[in-house]
Amino acid sequence: MPPPPPNPIDGLQINLISEDMLQNMTPMEKVGLIMENVIGGHIVVLESGLTPDEYNKLMERTMSEIRATNFPGIEVGSYPYKHKFSIFRKLLNRPLTETRMTLIGRSDRLKTIKRDRDFISVGLVSPDAPQGKKAKA
Amino acid sequence: MGLTSRLQGLLKRVFGKKRNPRIGIYGPPNAGKTTLANRILRDFTGDVMGSVSPVPHETRRVRRREGVVIQANGSQVTMDIVDTPGLATKIDFEEFIKVHGMASEEAKRRAKEATEGVVEAIKWIDDCDGILLVLDATEDPYTQVNIVTVGNMEARGKPMVVVANKIDLPNAAPARIKSAFPQHPMVQISAREGQNIDKLYETLAKHFT
């Protein structure tokens, strides 16, 4: 997996990752890619999001980074999962939840302003924003 | 889960020794999980689960109490209660210093233990047969942690009861929690005051037997 490209302009870089790319990755590869981007200060948009199990792995990795470094944690924006329960899906071992588009960033760069079932508003905090502005964002 | 392991699980359920259902108390930090665990234990065993505090991440290790007999409305159910640390995606030790006046070393230790607690709570999800998702009724329910906790249980096909806690507070809005997760039963309570707690016990007996 290529590393995120360098940002030639001042400001935040947003990297969008397609569903096709995600489908060919293992859960650990997805978590590795996300964390590489996020630790580097980038915002990641996943077209198809993460399963609950993948999200658990992301949380575990995040906790590990917080413990080992000054990493503050992550902010994630995603809509509620669509529940697709049916006895046939369960018997065929198909996912019972449908993943949805997800936005992930460092918790000091991405701040949730408002969330609802079908609406998410986030603020992006520039790395060189004054401390007071960061706190209010 | 493959067909073989599913078959093994079925055989174990048919022929194995039946154990008590294990119910995990999950939710974000400061939602009142340990306060609820204490309320349940105090009502049925005379004991408590752990200490509570207004400072987030007071519970940093999973605690389990086995064989709690819950009586409700003439019926009873025996279950193991698992109280878990609050789930979070960010833990900032500086917040413990700035907001809660902790010394630097104590704040760093608390943050480190809290990160370990989050990982431990995640690992316990598969060991629970059902969960109580405890949410602070004065807070926004559409957080990522809440969404993923619900997703975890739905993906595993395990039962869940949503508990809208802190309804004794003036700005509590339990209806907002119900509208966020309408597919699951919800009980509104005050774990601290004991308000509506019998309704929760009835719901536990109904959904986790």
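Reply: B:A180 lies in helix α6 (residues 174-180) of chain B; helices (H or I, at least four residues) and strands (E, at least two) are DSSP runs, numbered from the N terminus. This is a predicted model, in which local features need pLDDT of at least 70, side-chain atom pairs count only at pLDDT 80 or more, and totals for chains, interfaces and linings use all residues. Residues are numbered from 1 along each chain as its sequence is written, while chains are lettered from A and ligands numbered from 1 in the order in which they are written.

Me: Is B:A180 buried or exposed?
Reply: B:A180 is buried, because 22 other C-beta atoms lie within 10 Å. A residue is buried with 20 or more such atoms within 10 Å of its own C-beta, exposed with 12 or fewer, and partly exposed in between, the C-beta atoms being placed from the backbone.

Me: Which residues is B:A180 in contact with, leaving aside neighbours within four places in sequence?
Reply: They are A:R117, B:P141 and B:Y142. Contact requires C-beta atoms, placed from the backbone, within 7 Å.

Me: Changing topic, how many residues does the contact take from each chain?
Reply: Chain A contributes 29 residues and chain B 22 residues. On the side of chain A that touches chain B, α3 (52-68) and β3 (74-78) each supply at least two residues. Of the elements there, α3(A) gives the most, with nine residues.

Me: What about the largest nonpolar core?
Reply: The largest nonpolar core has 73 residues, and B:L133, B:L135, B:V162 and B:V163 have the most contacts inside it. Such a core is a set of buried Ala, Val, Leu, Ile, Met, Phe, Trp, Tyr and Cys residues joined through C-beta atoms within 7 Å. Helix α4 (residues 104-124) of chain B gives the most to this core, with six residues.

Me: What does B:V162 touch, not counting residues up to four places away in sequence?
Reply: B:V162 touches B:L133, B:L135, B:I177, B:F181, B:H184 and B:M186.

Me: Why is α5(B) described as largely enclosed?
Reply: Because 13 of the 13 residues of α5(B) are buried, the helix is largely enclosed by the rest of the structure. After α5(B) comes B:G157, with a positive phi near 65°.

Me: And which residues of α2(B) are buried?
Reply: B:K33, B:T34, B:T35, B:L36, B:A37, B:N38, B:R39 and B:I40 are buried in α2(B). Their cover includes β1 (22-26), β4 (130-136) and α7 (197-207) of chain B. Just after α2(B), B:G46 takes a positive phi of about 80°.

Technical notes:
Two residues are in contact if their C-beta atoms, placed from the backbone, lie within 7 Å.
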